[in-house]
Amino acid sequence: MITVFSDITERKKNEEILKLSEKKLREANQAKDKFFSIIAHDLMNPFNALSGFTGLLIDSIRNCNTEEVLKYAQLIEYSSRRIYELLQNLLIWSRSQSGKIVFSPSRVHLAGLVSDSIEVLRSIALTKKMEIVTELDETLMLFVDRNMMETVIRNLVSNAIKFSEPESNVSIYVKSTDTDVEFCVVDTGIGMDEQQISELFSLNKKETVSHSRGGDAGIGLGLVLCHEFVTIHGGKIWAESEPGKGSRFYFTLPRNLHPEVALKD
């Protein structure tokens, strides 16, 4: 009789383990499907724009309209940058999920970090006649993983450019306290409602943002990476926004990430 009870208990344990494994497999497949949906959605728009603007560029060249040639060449560059940005995020995400990204913090100069992060975005901003404005303490030093933080800043500023009006500014503010350093990226874009804000940093969002000032769409994978990398640093990331009133994206980094390093000269 004791043997019978033991067999039943063992069988139930195995059944529970099997159910748990099946549940995890379903969740993994759902996450994979959502992941590919985001990638396909975010790639489709810049590729469509690239194709359309190339045709218009060819027509402008045939008509010897130099103004139109310059306009469409700039738009083609903008769409190409978007595709490159998504593929770059895809590569980083793939490496992070396979454990190939190692957290390697080092002493970093804040001004240089921000400058290097946004340098590649300046040509995109110029296409929309926009300016990237920074306000920060030039003497501040951080102890962070430089590659991760460049990815975070680049994605937040890139989204701000994408969803803002032409001829407007995107602003980056950085302030520090005894315990934290707070970054804030401000845009004058289309804004978001509470539902969109609640789903920003998850692959389980119902849909990507579908309307931007530039006609392209999606903020998908970039913000998921931002959340992951800020969390690895022990910080927090969030957004504040209202439809039609622009958005503010915040993230914090702890000043005491590494106790042996002074974060300010």
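F183 is buried in this predicted model, and F251 is buried too. Their rings sit with centres 4.4 Å apart and planes at 5 degrees, so this pair counts as stacked.

**Aromatic pairs**

- F183 belongs to strand β5 (residues 180–187) and F251 to strand β7 (residues 247–254), so their pairing ties together parts that are 68 residues apart in sequence.
- F201 and F249 make an edge-to-face pair, with 6.5 Å from centre to centre and 85 degrees between the planes.
- F201 comes from the loop between α6 (194–198) and α7 (220–232), while F249 is in strand β7, so here the parts tied together are 48 residues apart in sequence.

**Helix α2 against helix α5**

- The axes of α2 (residues 66–97) and α5 (residues 146–162) come within 12 Å and cross at roughly 145 degrees.
- That crossing of α2 and α5 is left-handed.
- On the α2 side, the contact uses Y78, R82, E85, Q88, N89 and I92; facing them in α5 are T151, R154, N155, S158, I161 and K162.
- Sorted by type, the residues in the contact of α2 with α5 are three nonpolar, five polar and four charged.

**The buried side of helix α3**

- In α3 (residues 110–119), the buried residues include L110, A111, L113, V114, S117 and I118.
- These residues span an arc of only 165 degrees around the axis, which puts them on the same side of α3.

Definitions and conventions: Residues numbered from 1 in each chain as written. Predicted model: local features only at pLDDT ≥ 70, side-chain atom pairs only at ≥ 80, totals over all residues. Heavy atoms only, no water. Axes fitted to C-alpha atoms, helices over the stretch in contact; angles between N-to-C directions. Helix = DSSP H or I, 4+ residues; strand = E, 2+ residues; numbered from the N terminus. Left-handed = near helix turned anticlockwise from the far one by under 90°. Contact = heavy atoms within 4.5 Å. Nonpolar A, V, L, I, M, F, W, Y, C, P; charged D, E, K, R; others polar. Buried < 20%, exposed > 50% of the residue type's maximum accessible area, 1.4 Å probe, protein only. Arc of directions from axis to C-beta. Phe/Tyr/Trp six-rings, centres within 6.5 Å; stacked < 30°, edge-to-face > 60°.
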